[in-house]
Amino acid sequence: MSKDNHHNDHPENDPNYLGLNVNKGIEQPDSVNEDSVKRFLSKRKRKLLPADEYVKGILDGNRTLLSQAVTLVESSNPEHQQLAQDIIIKCLPFAGNSTRLGITGVPGAGKSTFIEALGKHITGNGGKLAVLAIDPSSERTKGSILGDKTRMESLSGDPNAYIRPSPSAGSLGGVARKTRETIVLCEAAGFDTIFIETVGVGQSETAVHSMVDFFLLIQIAGAGDELQGIKRGIIEMSDAIAINKADGSNIEKANMAASQFRNALHLFPPTESGWIPKVLTCSSLVGTGITEVWDTVNDYVNRTRKNGFFNYRRREQAKYWMYESVNETLRNNFYGNPEIKKQLDGMEKAVLSDEISSFVAARRLLDIYFKTFESKDEKPE
């Protein structure tokens with residue numbers, strides 16, 4: 001065997017080794033370096049469109065441009081935030097024409113199945129539905145609705161439904177504000193019903209209540225006291241309670257649970273809207289009671305529109321979110337200030353070691369904050 005062939009052929013290809021054959025190798029491609037990856041990613045980076053193009057796409061019902069606009073709303077990039085605000089301002093005249101329904105319930109209450117059953121009922125009767133989520137713990141869990149999308153297969157594929165996971169980072173206030181802005185975009189896109197799903201039973205319910213017309217609590221009949229573990233505030237906020245999974249051998253338990261909740265509701269003071277909260281039973285699996293739940297929502301909307309409470313509540317919510325936006329911007333500006341970042345740990349340690357009181361520490365930090373603007377002769381952004 002010659003030296004030239006030595007590098008190309010395997011000994012097994014020698015005539016002495018009949019029946020054996022080893023294919024020649026291929027030339028190895030060049031290794032991928034960081035520069036080529038960056039060039040590749042930069043080519044794939046989506047180019048931002050003018051605000052008017054997003055608005056036109058949203059008004060035309062273009063789902064891709066709607067989703068891109070929602071992504072801009074959720075982004076922390078200042079350029080994206082500015083563009084998102086321009087889009088929202090231009091969409092506002094076309095928003096507000098929907099029924100906003102907040103849905104909450106303890107884990108295991110069957111929220112996903114319920115949302116799909118009610119959602120299919122709405123779209124089946126010619127409605128257009130957007131499902132959004134608020135999840136204060138989404139930085140860790142990525143939002144329950146991400147899992148819900150896999151459970152709501154039928155609704156996910158419905159051309160008249162739009163399902164959007166919650167933002168994956170930020171404070172409850174920030175996530176809630178972005179969800180409220182997303183509502184505006186969805187309404188401008190022609191969705192006449194908006195579901196806001198919230199995870200668990202806690203602080204996020206208050207945020208949801210501040211942006212919806214009707215608040216629905218999903219419950220199930222279980223062992224022991226049905227009211228145990230449900231905060232009084234959640235029941236007070238509820239315009240209706242739906243006892244889910246009322247099917248098969250569970251129907252009697254569901255009816256007993258409904259009776260308990262009705263008795264509990266009598267203990268609460270009359271609602272500001274004049275509406276008496278309803279307790280219903282339903283089965284998302286079998287489909288019973290779903291129509292009655294939706295009829296109850298429509299009944300509430302019609303009554304509150306007639307007595308003026310519906311529009312009053314919308315105006316109060318708008319005022320509330322104006323102040324919330326101011327508070328959040330000031331809070332972010334304060335903690336993002338370089339001088340505050342330098343002093344914060346030291347002040348915290350001084351408070352913990354009882355060197356100064358928390359009030360004195362707060363006052364000093366605020367003095368530092370305002371002095372940074374005095375020295376620059378500028379105001380907080």
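Met 322, Tyr 323, Val 326 and Leu 330 make a nonpolar surface patch of about 390 Å². Patch rules: residues have over 30% relative accessible area and no salt bridge, with like charges joined within 9 Å and nonpolar side chains (Val, Leu, Ile, Met, Phe, Trp, Tyr) within 5 Å. A salt bridge puts a side-chain nitrogen of Lys or Arg within 4 Å of a carboxyl oxygen of Asp or Glu. Areas are Shrake-Rupley with a 1.4 Å probe; for residues, only the protein chains shown count as cover.

Now the provenance. This is a predicted model: local features need pLDDT of at least 70, side-chain atom pairs count only at pLDDT 80 or more, and totals for chains, interfaces and linings use all residues. Residues are numbered from 1 along each chain as its sequence is written, and side-chain values use heavy atoms, leaving out hydrogens and water.

Back to Leu 330. Leu 330 sits in helix H15, residues 309-336. Helices (H or I, at least four residues) and strands (E, at least two) are DSSP runs numbered from the N terminus. Leu 330 counts as partly exposed because its relative accessibility is 44%. The classes: buried is under 20% relative accessible area, exposed is over 50%, partly exposed is in between, with a 1.4 Å probe and protein chains only.

H15 also matters for the next topic, the second largest pocket: H15 gives the most to its lining, with 6 residues. That pocket holds about 730 Å³ of space. Its lining has 33 residues; Glu 236, Asp 239, Thr 271, Glu 272 and Ser 273 lie nearest the centre. Elements giving two or more residues to this lining are helix H11 (204-209), strand E5 (214-220), helix H12 (232-237), helix H13 (251-265) and H15. A pocket here, on a 1 Å grid over the protein atoms alone, is an open set of points where a 1.4 Å probe fits, with protein on both sides within 12 Å along at least five of seven lines; lining residues have an atom within 4 Å of a point. Points are joined across faces, edges and corners, and volume is the space filled by probe spheres set on them.

Next, helix H14, residues 290-306, which holds Thr 296. Is Thr 296 buried or exposed? Buried, because its relative accessibility is 10%. Beyond neighbours within four places in sequence, Thr 296 contacts Phe 214, Ala 240, Trp 275, Lys 278 and Leu 280. Contact means heavy atoms within 4.5 Å.

At 42% relative accessibility, Glu 292 counts as partly exposed.

Of its 381 residues, 41% are buried.
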